[in-house]
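Visitor: Hi, I have a structure open and would like to talk through its packing. Could you walk me through it?

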Amino acid sequence: MSKPENLVTTPYNPHPFYDEMFMNAYSVRSHYQTVFRQFMTMKSGNLSKRQTATMKRMMEEGITFTLYSPDQTEALERTIPFDPIPRIIPRDEWLKLEKGLRQRVKALNLFLKDIYHDQCILKDGIIPRKMVLSNCYFRPEMMRLSIPNDVYVTVSGIDLIRDEHGEYFVLEDNLRSPSGFSYLYKSRSIMTHLFPELVFSHSIQDIEQSLNVFLSALRRLSPSGKKDPVIGLLTPGCYNSAYFEHTFLAQQMGIELVEGNDLVVIDHKVYIRSIKGLRQIDVLYRRIDDDFLDPLAFDPNSLLGVAGIMNAYRAGNINIVNAPGTGVADDKAIYAYVPDMIRYYLKEEPILNNVPTYILSRPDEREHVLQHLSTMVVKETSLSGGYGMLIGPTASESELADFRQKILANPDRYIAQPTIQLSRAPVMMDGQMAARHIDLRAFVIAGETIEVIPGGLTRVALKEGSLVVNSSQGGGCKDTWVTNS
């Protein structure tokens, strides 16, 4: 392809990274040809106006995320930076991802059922017993507790990355209360309204029906067997960073949005308080962590949960989604064993690979990591959202020294991975295309079948050269299209 005359970009050379749109400086991948041409015909003034309208729309609709920083006296609420250049995934590529994600979530559910019942995988020595039973997310209260349909993880967010060769890897499994759903749907809505010529010039798989799939999965998990069960979404409240998402999902699915003080437990049943009296709730989609769920069972100081809800859960009068105790399966050390889970429970080879992972409680692996710390990404196993991380190649000498001491003091708390050169995609920055690193959070819903929402949420590291894409660390997002052909 010859260099476009009206190219609104600075020189864009994708190497040495894999670029989603460009094969080289002037060669565009076939599935991006139409989008590329359309952006090249847009005048920078018009594009700037559309981007301004995008941010205005997000602010008006309350599409915000709250940033917390140790050096800030107050939390900062802001809109999620949204980039108008979509990420496009061809259908054939997506089919492999979809198959691999279903396989992974199926194995993770079987693992959770196993460790809270017969613990065969521990007895057979596939996973170290101590790693599971001493895990901070392992809940003895869940032992031998019967879960409707054996679905511990109804909704999961699996983070995927691509290396410099374009190969996909699973980076993390988010199984407790993964966030980002609302941004997936709002991204599509924004693109449809403000860039309709882009959306309607492509045949893209629909995502709107996915909310019905999610609602159907929640209804199916009702222990009461009612035709129309009462479903609630438990939120920590309006000061939570993802509160917009909680309100959006409750509104779109037509379920009750509740806080802990809206609920009461009577005779091992959970009721919603309302001006019309008490109404029994059958399924609770909780967006708070285990510790805060029930002050009688977990943290006695919690003001966010519902006293006695675990007794109602044990009595089979309510289902909690995702199940308490699922966090043990998204621990970053347990992550390293997911391929073994797939082989153990499903008798299959993993379709999607993990990023190679070093378990720092193992002396030989710890020594290797400490010798190559400046080339590694080190993560605290129990944290998420980009917190508790060291990115060796960009760390200062003092940061490396600090993490070295942390690892030596508590090696069980950390894992390490080689630094993967994340794929990049173009974003619009001041009217010009610029390359930024991205990942993909794929959302998987386990109901009667395991369904994957087509596309998921592409997250963008907006700081040049940064590998941290998390919204909690200032990252942005893109609409993600899966083509029908």
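**Aromatic pairs and packing**

Guide: Tyr 152 has 0% relative accessibility, so Tyr 152 counts as buried (buried means under 20% relative accessible area, exposed over 50%, partly exposed in between, with a 1.4 Å probe and protein chains only). This is a predicted model, where local features need pLDDT of at least 70, side-chain atom pairs count only at pLDDT 80 or more, and totals for chains, interfaces and linings use all residues. Residues are numbered from 1 along each chain as its sequence is written, and side-chain values use heavy atoms, with hydrogens and water left out.

Visitor: Is Phe 181 buried or exposed?

Guide: Phe 181 counts as buried, because its relative accessibility is 0%. Phe 181 and Phe 443 form a stacked aromatic pair, 4.5 Å centre to centre with 25° between the planes. Rings of Phe, Tyr and Trp (its six-membered ring) pair if their centres lie within 6.5 Å; planes under 30 degrees apart count as stacked, over 60 as edge-to-face and the rest as tilted.

Visitor: Where do Phe 181 and Phe 443 sit in the chain?

Guide: Phe 181 is in helix α6 and Phe 443 in strand β21 (residues 432-446), 262 residues apart. Helices (H or I, at least four residues) and strands (E, at least two) are DSSP runs, numbered from the N terminus.

Visitor: Which residues form the aromatic cluster?

Guide: One cluster is made of Phe 181, Phe 214, Tyr 285 and Phe 443.

Visitor: Switching to helices: at what angle do α6 and α9 pack?

Guide: Helix α6 (residues 181-194) and helix α9 (residues 243-253) pack at about 70°, with axes 8 Å apart. Axes are lines fitted to C-alpha atoms, for helices over the stretch in contact, and angles run from 0 to 180 degrees between N-to-C directions.

Visitor: And which residues meet there?

Guide: Phe 181, Ser 182, Tyr 183, Tyr 185 and Lys 186 in α6 meet Phe 244, Glu 245, Phe 248 and Leu 249 in α9 (contact means heavy atoms within 4.5 Å).

Visitor: What about α8 and α9?

Guide: The axes of helix α8 (residues 209-220) and α9 cross at roughly 85° and come within 10 Å. In this contact, Leu 211, Phe 214, Leu 215 and Leu 218 of α8 meet Leu 249, Gln 252 and Met 253 of α9.

Visitor: Last one: which residues touch the most other members of the largest nonpolar core?

Guide: Phe 39, Phe 111 and Met 341 do, in a core of 129 residues. A nonpolar core is a set of buried Ala, Val, Leu, Ile, Met, Phe, Trp, Tyr and Cys residues joined through side-chain atoms within 4.5 Å.
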